[in-house]
Amino acid sequence: MRYSAFRVLQEALRGHKGWRPLWRDPEPQAAYDTVIVGGGGHGLATAYYLANTFKQSRIAVLEKGWLGSGNIGRNTTIIRSNYLLPGNEPFYEFSMKLWENLEQEFNFNAMVSQRGVVNLFHTDGQRDAYRRRGNAAILAGADAELLERDALRAMIPFLNFDNARFPVKGGLLQRRGGTARHDGVAWGYARGADRAGVDLIQNCEVTGFRIENGTVKGVETSRGFIGAKKVGVAVAGSTSRVMAQAGMGQLPIESHVLQAFVSEGLKPTIPGVITFGAGHFYISQSDKGGLVFGGDIDGYNSYAQRGNLPTVEDVAEGGMAVMPMIGRARLLRMWGGIMDMSMDGSPIIDRTPIDGLYLNSGWCYGGFKATPASGYAFAHLLATDRPHETAGAYRLDRFQRGTVIDEKGAGAQPNLH
Amino acid sequence: MPDLEPITALGSNAPRSLSSGSLTLEENAALALASVSLRRNAPKPSPFGLDLPGPGGWTGSQGVSAFWTGPGQWMIEGHHRADSDFAVEVATSCPGCSVTEQTDGFAAFEIRSSMGEKPILRLMEKLVNIDASRLSAGSATRTGLEHMSVFVIRRAPDRVAVLGMRSAAGSIWHALEVAILRLNAAAA
Amino acid sequence: MLIPHPLLGLRDAQEFSYLGDASLLLRPDGMAENAAETFFPYVYLRENPAGLHRELWFHEQGDRSWLVVTRNTVTHEILGAELAGDVVARNRASRDGGDLA
Ligand SMILES: Cc1cc2nc3c(=O)[nH]c(=O)nc-3n(C[C@H](O)[C@H](O)[C@H](O)COP(=O)(O)OP(=O)(O)OC[C@H]3O[C@@H](n4cnc5c(N)ncnc54)[C@H](O)[C@@H]3O)c2cc1C
């Protein structure tokens with residue numbers, strides 16, 4: 001079923017009786033060529049590109065809960081491509097280009113909105129660092145503008161420019177950055193994968209791997225054994241748990257909880273995405289009017305999909321420091337998701353020492369923006385056994401080889417990335 | 001040499017003070033501080049005859065007092081001695097220990113209640129995440145106050161002192177002042 | 001979360017900063033022949049368990065002790081805490097046994 005204005009009109013006249021579920025609910029087959037573990041954004045996008053772009057067949061996505069029940073349905077939906085390091089920036093810009101064409105590509109309204117992302121800076125040193133990052137982005141073909149105080153004030157007058165501790169001195173603007181509807185992204189990829197013949201199997205938890213002579217033969221699941229020639233794991237915060245079942249319990253990954261918050265619906269007030277540079281706080285306004293915001297991870301290993309109050313306080317303080325006007329907005333909902341924090345803050349898309357087993361992980365709290373490119377690059381790797389040209393640096397062995405990609409220069413401490 | 005005038009941590013010639021309801025807040029510019037830490041396997045000294053307290057403790061006598069700051073570490077307070085070379089005196093009475101001058105690193109604020117311990121407990125509940133009722137007289141602990149690291153010393157049931165980084169003196173004063181004024185506004 | 005500090009009793013976790021897995025106490029010998037091989041897992045690899053986790057917390061806004069805290073990463077329940085110095089001393093005493101018992 002393709003969506004169009006005509007179709008909507010037709011259904012309106014027929015009392016909307018012609019709509020069908022977006023995807024089938026198939027029984028698992030005995031074996032597939034490729035099994036993707038994890039029905040989050042990255043798993044679904046991988047299946048989508050494997051089937052549609054790389055023309056592979058006999059593909060299944062195994063999801064332990066329902067599609068999109070993980071971080072893809074929990075994030076603050078910020079997309080941007082203004083990274084600093086050469087290992088990252090071309091990849092994120094590739095992702096941005098895929099975002100720009102995504103809705104046409106999979107015929108689904110993912111509400112991709114390039115409303116702009118401004119990273120505020122508060123000191124001269126920070127201005128220099130942002131200028132450098134902006135220049136790196138431009139060199140990789142992305143867009144970046146450095147706004148001084150007056151230009152920024154004209155654009156976002158309500159910021160607390162004269163905060164005694166954290167005066168706002170300007171911002172790095174990426175106009176092509178913005179937000180997208182996170183659920184819509186998952187549903188669009190899921191529907192597109194299903195239409196191309198991918199089996200999306202929900203309530204199917206992977207509980208083990210069958211590995212013979214160093215080669216993967218399939219996965220044990222809560223719905224029985226499923227054979228596979230290749231298995232791609234994209235389970236975000238559950239990476240260590242799942243990979244331990246394949247005997248790869250020691251990875252450069254820690255799981256941490258990140259919280260997000262939504263206020264009651266308000267009139268349009270926040271023009272794009274704004275991030276506070278002196279603490280950690282980022283905010284945008286959804287099309288329904290809710291202020292969507294978040295801050296740091298809680299900072300300790302966690303598999304609980306909920307965080308603690310000190311972080312709530314910290315996020316609220318960050319918000320009040322940069323835009324005190326939101327102090328009266330009432331909080332509607334808050335929740336947590338489990339991040340796959342890597343040791344250098346950058347992702348992994350690579351083969352593993354086990355033949356036929358591939359890993360997609362380490363997204364930290366920036367993996368939503370990467371969803372299209374991650375899916376594309378992982379599909380490329382699964383289909384061709386070679387890394388995609390923008391993802392060549394995302395190797396699992398980079399930590400051993402000393403070629404880490406550490407945007408913040410924070411070192412091997414995941415809670416600082 | 002030009003005439004240099006000493007200023008307090010809050011930047012004026014005289015210590016600042018504030019009185020609201022039953023509470024008085026005072027900048028204590030005359031407090032001398034020196035830290036003492038034990039070398040490995042060294043015996044515990046008794047500077048000025050003080051019996052240095054265990055974890056969480058504060059003890060005082062005759063113008064000097066001491067509180068525990070960590071395993072094998074104490075801060076010694078010399079009241080009304082900020083203008084003397086207090087650390088040298090402490091060092092002489094703590095042979096073999098590492099003694100460091102701390103007077104200029106900290107700013108001290110003394111809070112006093114004229115109506116017993118209740119106002120002190122209520123103020124502490126607003127200020128710090130420690131159980132005020134368990135921080136009885138003779139206790140001292142380091143904790144966070146509006147993101148700043150401070151020592152909180154319960155000198156007596158009706159007295160509490162807050163010691164924090166000297167560079168943050170203004171922010172600490174502001175935090176204490178706001179809390180005291182609000183408490184009294186709420187009570188009024 | 002409240003951390004039961006062995007010397008100071010229950011303290012707000014906000015006073016602490018977090019380092020990570022307590023296996024960081026088992027620093028390999030940097031002068032050994034195979035230092036590169038032993039340091040790679042020491043610095044970069046983690047077990048990252050869902051369940052009981054022994055981890056290092058630093059009482060930054062407190063007595064500046066390093067603690068080894070045992071915590072459940074699924075429920076956030078804290079089961080105990082000891083001074084890291086005591087753990088190290090114990091490890092040293094039973095060096096042959098080797099691990100973080
Ligand atoms: C609060 C929050 C805010 C965020 N904000 C942003 C943002 O603004 N911008 C940005 O770019 N990124 C953001 N992120 C990060 C982003 O959401 C993640 O990096 C990304 O979604 C991770 O990839 P995924 O979608 O595949 O993960 P998930 O959606 O978590 O997918 C993994 C799936 O694997 C499944 N699974 C786990 N174990 C098994 C098993 N044994 N068998 C079968 N299935 C299994 C899970 O159920 C889950 O559905 C945020 C994350 C959170 C939690």
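Predicted model: local features only at pLDDT ≥ 70, side-chain atom pairs only at ≥ 80, totals over all residues.
Residues are numbered from 1 along each chain as its sequence is written, chains are lettered from A and ligands numbered from 1 in the order in which they are written, and side-chain values use heavy atoms, without hydrogens and water.

Chain A has 11 helices and 18 strands; helices (H or I, at least four residues) and strands (E, at least two) are DSSP runs, numbered from the N terminus. Its C-alpha trace spans about 65 × 65 × 40 Å along the principal axes. Of its 417 residues, 59% count as buried, meaning under 20% relative accessible area, while exposed means over 50% and partly exposed lies in between (1.4 Å probe, protein chains only).

Within chain A, helix 2 (residues 41-52) and helix 10 (residues 371-384) pack at an angle of about 55°, with axes 7 Å apart. Axes are lines fitted to C-alpha atoms, for helices over the stretch in contact, and angles run from 0 to 180 degrees between N-to-C directions. The two helices are therefore oblique to each other: angles under 35 degrees count as roughly parallel, over 145 as roughly antiparallel, 65 to 115 as roughly perpendicular and the rest as oblique.

In chain B, B:Pro2 lies in the segment before strand 1 (17-20). B:Pro2 counts as exposed because its relative accessibility is 60%. B:Pro2 and B:Arg39 are 37 residues apart in sequence and 42 Å apart in space, C-alpha to C-alpha.
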